[in-house]
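Please look through the structure shown here step by step, with the sequence at hand. The paragraphs that follow take up the helix pairs, the sheet and the ligands in turn.

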Amino acid sequence: MRMTFIGGGNMATALIAGLASENGPFEELRVADPSNDARERLAADYGVQTFADAAEAIDGVDVIVLAVKPQVMPLVFETLRGKVAPGTLVISVAAGIRAGAIVDALGVSAVVRAMPNTPALLGAGVTGLYASPGCSDEQRETARSLLAMAGATVSVDDEGLIDVVTAVSGSGPAYFFLLTEALRDAGQALGLDAETATTLATHTAHGAGVMALQGGADVSELRRRVTSPGGTTQAALETLGAGGFGELVAAAVDAATRRGRELSGGGDPA
Ligand SMILES: NC(=O)C1=CN([C@@H]2O[C@H](COP(=O)(O)OP(=O)(O)OC[C@H]3O[C@@H](n4cnc5c(N)ncnc54)[C@H](OP(=O)(O)O)[C@@H]3O)[C@@H](O)[C@H]2O)C=CC1
Ligand SMILES: O=C(O)[C@@H]1CCC=N1
């Protein structure tokens with residue numbers, strides 16, 4: 001299989017790292033990016049072929065992954081218009097760019113929207129997938145199996161739900177990093193040195209994540225098991241609850257979902 005990434009930034013690098021570590025089914029893995037530094041880094045770290053010109057990079061490929069910022073997508077459409085073979089599978093990881101817009105701009109019928117996240121860099125990502133009606137079962141499976149090389153996958157049948165996936169898991173690592181930062185800073189404010197506070201906060205985040213996946217119980221039960229009646233955790237959780245923690249997370253995810261919809265020009269997908 002020949003595959004080209006358009007854009008070689010954070011998300012493309014995370015996916016390429018996951019794909020490269022899995023000995024994927026690639027005859028050729030190419031990346032187009034205008035930045036010389038990005039091209040040199042990707043070629044040196046992952047042995048991919050790099051191109052400054054996106055149109056040149058897609059010649060003869062089976063799969064194109066669009067991995068530029070949503071705001072840059074119109075320029076990419078302009079560059080690639082009329083140059084994509086109609087049978088090409090196009091996978092877009094961009095927040096808020098509708099499958100129908102890609103079908104119209106590139107003249108292809110098979111578009112999969114994939115919303116991965118940066119833990120893909122370590123093979124620990126999770127990707128939500130939506131396949132446009134023009135995708136064959138084989139193309140859906142190709143997209144799913146490619147993204148599965150970077151972690152878990154889930155599929156949604158309603159394109160509008162990709163904005164919710166984006167808000168929960170695409171942006172989600174940032175929420176956990178923010179909580180880890182806050183925990184570290186709180187420990188430091190109460191007297192721990194920076195290194196100790198960082199070790200405690202980051203290993204706690206890691207341990208909680210591993211338990212959430214492998215702890216043999218759902219996260220609510222795992223939380224209850226930490227919370228001794230009348231103990232320290234209860235005191236902390238009551239403070240978080242009184243501050244509206246659950247409502248605040250819900251409002252944050254709602255804001256991210258709405259931003260995804262705004263990026264697509266608003267409204268529901270056609
Ligand atoms: N970061 C994340 O956690 C996630 C991001 N996404 C999605 O991935 C996409 C990329 O995001 P991210 O990787 O963070 O962004 P980055 O800015 O890190 O990467 C985008 C890359 O595209 C390059 N680029 C700009 N113009 C072009 C062009 N015309 N042709 C080819 N490449 C170009 C940029 O170069 P330069 O910097 O020189 O402009 C940059 O290297 C977005 O659409 C985002 O919604 C999805 C899930 C998670
Ligand atoms: O912040 C963003 O818009 C992108 C999409 C999901 C994660 N990063």
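A crossing of two helices is called left-handed if the near helix is turned anticlockwise from the far one by less than a right angle, and right-handed if it is turned clockwise. With that in mind, and remembering that this is a predicted model, the reader can begin with helix H7 (residues 161-170) and helix H12 (residues 245-263), which pack at an angle of about 135° with their axes 8 Å apart. Because angles of 65 to 115 degrees count as roughly perpendicular, those over 145 as roughly antiparallel and those under 35 as roughly parallel, with the rest oblique, H7 is oblique to H12. The crossing of H7 and H12 is right-handed. On the H7 side the contact is made by Asp 163, Val 164, Thr 166, Ala 167 and Val 168, which meet Val 253, Ala 256, Thr 257, Gly 260 and Arg 261 of H12. Sorted by class, the residues of this contact of H7 with H12 are five nonpolar, three polar and two charged.

A second pair of helices can be described in the same terms. Helix H8 (residues 172-189) packs with helix H9 (residues 194-214) at an angle of about 145°, and their axes lie 8 Å apart; the crossing of H8 and H9 is also right-handed. From H8, the residues Phe 176, Thr 180, Leu 183, Arg 184, Gly 187 and Gln 188 meet Ala 194, Ala 197, Thr 198, Leu 200, Ala 201, Thr 202 and Ala 205 in H9. The contact of H8 with H9 contains seven nonpolar residues, five polar ones and one charged.

From the helix pairs we turn to the sheet. Eight strands form an open sheet with mixed pairing, in the order E3-E2-E1-E4-E5-E6-E7-E8. At its edges are strand E3 (49-51) and strand E8 (151-155), each of which pairs on one side only, and the twist from one strand to the next averages 25°. Within the sheet, strand E1 (residues 2-6) and strand E4 (residues 63-66) pair in the parallel sense over four bridges, and Ile 6 has Leu 66 in E4 as its bridge partner.

Helices also lie against this sheet. Helix H5 (residues 99-106) lies across strand E5 (89-92), strand E6 (111-115) and strand E7 (125-131), and runs at about 135° to E6. Helix H6 (residues 137-148) packs on the sheet as well, touching E4, E5, E6, E7 and E8, with a direction that makes about 165° with that of E7.

The ligands remain. Around ligand 1 there are 28 residues, of which Gly 7, Gly 9, Met 11, Ala 94 and Ala 95 come nearest. Helix H1 (10-20) and helix H4 (73-80) each supply at least two residues of this shell, and the largest share, three residues, comes from H1. By class, the shell around ligand 1 divides into 18 nonpolar, eight polar and two charged residues. Ligand 2 is surrounded by Ala 95, Thr 166, Gly 170 and Ser 171, a shell with one nonpolar, three polar and no charged residues.

Technical notes: Residues are numbered from 1 along each chain as its sequence is written. Chains are lettered from A and ligands numbered from 1 in the order in which they are written. This is a predicted model: local features need pLDDT of at least 70, side-chain atom pairs count only at pLDDT 80 or more; totals for chains, interfaces and linings use all residues. Two strands pair if DSSP finds at least two bridges between them. Axes are lines fitted to C-alpha atoms, for helices over the stretch in contact, and angles run from 0 to 180 degrees between N-to-C directions. Two residues are in contact if their C-beta atoms, placed from the backbone, lie within 7 Å. Ala, Val, Leu, Ile, Met, Phe, Trp, Tyr, Cys and Pro count as nonpolar, Asp, Glu, Lys and Arg as charged, and the others, Gly among them, as polar. A residue is near a molecule or strand if its C-beta atom, placed from the backbone, lies within 6 Å of it.
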